[in-house]
Structure formats: structure tokens, C-alpha cells
2 protein chains.
Amino acid sequence: MRHFEQQLELLRQRLLEMGALVESAIFRSVSMLIDRDPAQAERVRHDEDRINRLEIEIDELATSLLALDQPVAIDLRLITAAIKINTDLERMGDLAVNITGWALDSLGRASMKSPVDIPQMAQRAQSMVHSALDAFVHRDAELARAVLTADDAVDGMRDAIYSTLIEVMEKDSAAVRPAVALMFVAHNLERIADHATNLAEDVLFLLEGVDVRHHSEVRG
Amino acid sequence: MRHFEQQLELLRQRLLEMGALVESAIFRSVSMLIDRDPAQAERVRHDEDRINRLEIEIDELATSLLALDQPVAIDLRLITAAIKINTDLERMGDLAVNITGWALDSLGRASMKSPVDIPQMAQRAQSMVHSALDAFVHRDAELARAVLTADDAVDGMRDAIYSTLIEVMEKDSAAVRPAVALMFVAHNLERIADHATNLAEDVLFLLEGVDVRHHSEVRG
């Protein structure tokens with residue numbers, strides 16, 4: 001295997017490693033909220049440290065491939081896609097950390113049975129991240145398109161959760177603080193799903209050379 | 001001027017054009033909320049269309065520069081910085097559109113005197129975007145560092161706004177819906193400030209080759 005191909009394979013491996021850490025961080029941040037387990041915050045922070053180091057490593061790897069090997073066509077698209085995927089994964093790690101912040105906020109207060117299904121929404125968002133990375137690894141355009149469609153379902157779940165929580169707050173002033181925390185958890189999950197969508201769009205651009213951003217008709 | 005330098009100059013111009021549109025979109029989205037002027041939503045949507053088209057144009061320009069001219073060192077850093085700045089600017093446009101969504105939500109309801117200073121926070125966020133782009137154009141590392149410091153002030157404003165709004169909601173159930181809208185406007189402004197910070201970090205990397213991401217001690 002040429003040096004260039006070895007480095008490209010390393011780039012791919014590092015992105016997958018980062019993706020696995022992001023999935024773990026999402027799962028743990030929501031577990032923290034649901035199981036009221038503060039120890040998860042430390043683990044998410046640990047995942048995020050590793051994610052941040054990987055972000056820098058991947059950027060350096062991509063830049064050195066661009067500088068030294070002067071790639072063209074498909075390889076160039078792979079490297080520019082890697083730079084974008086890298087940014088999206090790092091933001092997802094930040095969003096998982098945000099969730100632990102809101103979870104910590106509710107741990108300090110009396111337990112409230114959640115009137116909304118956060119775990120289901122989390123599971124959907126996590127599965128979108130997983131599918132988008134799978135689409136990247138297996139060069140599977142169909143799977144990438146399925147991620148774009150799944151985003152609408154997550155948006156719908158978020159809207160339903162907001163409506164329920166606003167009603168809860170209007171009826172019971174003691175529920176305001178915990179409900180605000182749940183609203184922002186739902187918001188962060190929806191943003192994770194958005195980044196998974198960006199990632200799927202980058203995979204489609206990589207595979208087909210077609211820019212599907214901002215063309216909602218392609219997403220249906 | 002060589003073709004390469006002309007294209008690089010074009011890339012710079014397009015980023016500035018996009019930055020001006022983003023600033024306009026932020027200003028208009030907040031005006032819509034404050035002046036209760038629904039016509040601004042259409043203008044923000046128009047700005048965003050143009051921002052989305054510029055994003056694709058800039059990516060294509062950057063990719064063709066990488067492919068055709070095989071740049072090295074500072075030029076390569078400029079082009080990879082442009083790819084990242086482009087993404088950040090486009091997301092800021094999306095966030096301005098989010099603000100118009102929440103503003104529209106409150107226009108449908110009775111007017112409430114805002115208990116928090118959204119325009120001041122908006123002005124700060126907008127000024128961070130402006131400074132980060134100025135730092136990029138004038139290659140001004142000091143100005144880029146000032147943007148990183150300003151982000152802490154915006155975070156503080158956001159936290160104060162959240163606290164005030166939670167108290168308002170706890171006291172008056174009729175204030176829940178408008179207060180939730182204001183919370184999310186503050187959230188979107190804080191996110192715009194975050195993206196301006198990313199942009200300033202990219203400028204510092206471009207100018208000094210030092211990656212200041214995830215190193216809070218560098219941020220003063």
C-alpha cells in the first residue's frame with residue numbers, strides 16, 4: 001500500500017474512532033439524565049477530551065495529505081469531506097456535554113417523572129449518527145439519504161416535546177426549572193441530529209459529487 | 001496578478017460578502033422581535049438564500065484552488081480556513097432564521113415588555129462577527145483574540161437572561177410562552193457568538209499556525 005493510501009486509511013480510522021466516542025457521549029449524557037447518575041458526566045468529559053484531541057489530529061492529517069500529496073478528484077473530495085465530518089463530530093461532542101450540564105441542573109433538584117420521551121429521541125439521534133458514519137464507511141448513498149429523511153422525524157419529536165413541556169409549565173410553576181432543562185436536552189438532541197444530517201450530506205457529496213445542501217426536494 | 005492570486009482574492013471577497021449578509025440577517029431577525037415587524041422575516045429568508053448560494057460557491061472555489069493549483073504553506077492554510085469560515089457563516093445564517101421563527105411565535109401573541117435586554121446581546125454577537133471578519137481581512141491577531149474574550153461576556157449575558165426568564169415564568173403562567181421564545185432567541189444569539197469564536201480561532205490558526213481550539217488558557 002502506498003504511503004498516501006495508508007494515510008488516507010488512517011484518516012478514515014480516526015474519523016470512525018471519533019464517531020464511536022460521539023455515540024458513547026450521547027448515550028452517556030442521556031443516561032445521566034434518566035438514571036440520575038452524576039458519574040456519567042465525568043465519562044462524557046473524558047470522551048470529549050479524546051474527541052477534541054482527535055479533531056486536531058484529523059485536521060493535521062487532512063492538511064498534510066493536501067499539502068504533500070496534492071490529491072485530485074475522488075481523493076480530494078474524501079479529504080475535504082473528512083475536514084467537514086470532523087467539525088460536525090466535534091460539535092456533537094460539545095452538544096453531549098451541554099446535555100450533561102442540563103442533566104446536572106436537574107440532579108440538584110427533586111426528581112420529576114419526565115412527561116416526554118427523551119430516551120426515544122436520543123436513540124433516534126444516536127442511530128442517525130451511526131447510520132451517517134456507516135454510509136461513509138460503506139459508501140452507501142441509500143443509507144445517507146435515509147439519514148436526511150430521519151431528520152424530519154426528529155424535528156417532529158422535538159416540536160411535540162416543546163408543546164408538552166410548555167403546557168406542563170403553564171399548569172405548574174414548580175415544574176418550570178426541570179421542564180426548561182428537558183427543553184434544552186431535546187434541543188441539543190435535535191442539533192445532534194442536524195449535524196448527523198450535515199454528515200450524511202457530505203457523504204452524498206463525496207459519493208455522487210452532488211451538493212444536496214439547501215435543496216429540500218432532494219431530501220424527501 | 002496571477003490567476004491563482006485572483007481566485008484567492010475572489011474567495012476572500014465572497015467570504016466578506018457572506019459575512020455582511022450574516023450581519024444583516026442577525027440585525028433584521030432581532031429587529032423583527034423588538035419592533036414586532038413581520039416583514040423582516042421575508043428579508044432574512046432572502047439573505048439566507050443568498051448565504052446558502054455563496055456557501056456552495058465558496059466551497060467550489062476553495063476545492064478548485066486545492067485541485068488545480070496545489071498550494072502550499074500559507075495559501076493552503078488560507079484555503080482550509082476559508083472552508084471552515086464558510087461553514088460557520090452559513091450556520092450563523094441558519095441561527096438568524098431560527099430567531100425569526102421564535103419572533104414570529106411571539107408576534108402571534110399579546111405584546112409583552114421584554115424583561116431582558118435582547119438587543120444588547122444581539123449587538124454584542126453581531127460585533128463579534130464583524131470583528132472576526134475584520135481580523136481575517138486585516139490579518140489582525142489581536143482583534144481575533146479580543147473576539148475570544150468577548151465570548152465569555154456573551155455567555156454571561158445568556159445565563160443572566162435565562163435566570164430572569166425562569167423567575168418570570170415561575171411567577172406568571174401567562175408569561176411561559178413568550179419567555180420560552182426569548183430564551184431560545186438568547187440561545188441562538190449565544191450560538192452565533194460561538195461561531196464567531198470559531199471563526200476567530202480559524203483566523204489565529206491562519207496567522208500563527210497555532211491551533212488555539214480547546215486550549216482555554218490561550219483565550220485569556
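Biologist: In this predicted model, at what angle do the axes of α5(A) and helix α6 (residues 176-208) of chain B cross?
Modeller: Axes are lines fitted to C-alpha atoms, for helices over the stretch in contact, with angles from 0 to 180 degrees between N-to-C directions. The two axes come within 10 Å. Their crossing angle is roughly 130°.

Biologist: Which residues of α6(B) make the contact with α5(A)?
Modeller: Residues are in contact if their C-beta atoms, placed from the backbone, lie within 7 Å. From α5(A) come Ile166(A), Met169(A) and Glu170(A). The partners in α6(B) are Val176(B), Arg177(B) and Val180(B).

Biologist: How are α4(A) and α6(A) oriented to each other?
Modeller: The axes of helix α4 (residues 118-138) of chain A and helix α6 (residues 176-208) of chain A come within 9 Å and cross at roughly 15°. Angles under 35 degrees count as roughly parallel, over 145 as roughly antiparallel, 65 to 115 as roughly perpendicular and the rest as oblique. Therefore α4(A) and α6(A) are roughly parallel.

Biologist: Which element of chain A has the lowest mean pLDDT?
Modeller: pLDDT is the predictor's confidence in each residue, from 0 to 100, and its mean over chain A is 88. Helix α5 (residues 141-171) of chain A has the highest mean among the elements of that chain, 95. The lowest, 40, belongs to helix α7 (residues 216-219) of chain A.

Biologist: What are the ipTM and pTM of the model?
Modeller: Local features need pLDDT of at least 70, and side-chain atom pairs count only at pLDDT 80 or more, whereas totals for chains, interfaces and linings use all residues. For the model as scored, the values are ipTM 0.80 and pTM 0.85.

Note on methods. Residues numbered from 1 in each chain as written. Chains lettered and ligands numbered in written order. Helix = DSSP H or I, 4+ residues; strand = E, 2+ residues; numbered from the N terminus. Contact = placed C-beta atoms within 7 Å.
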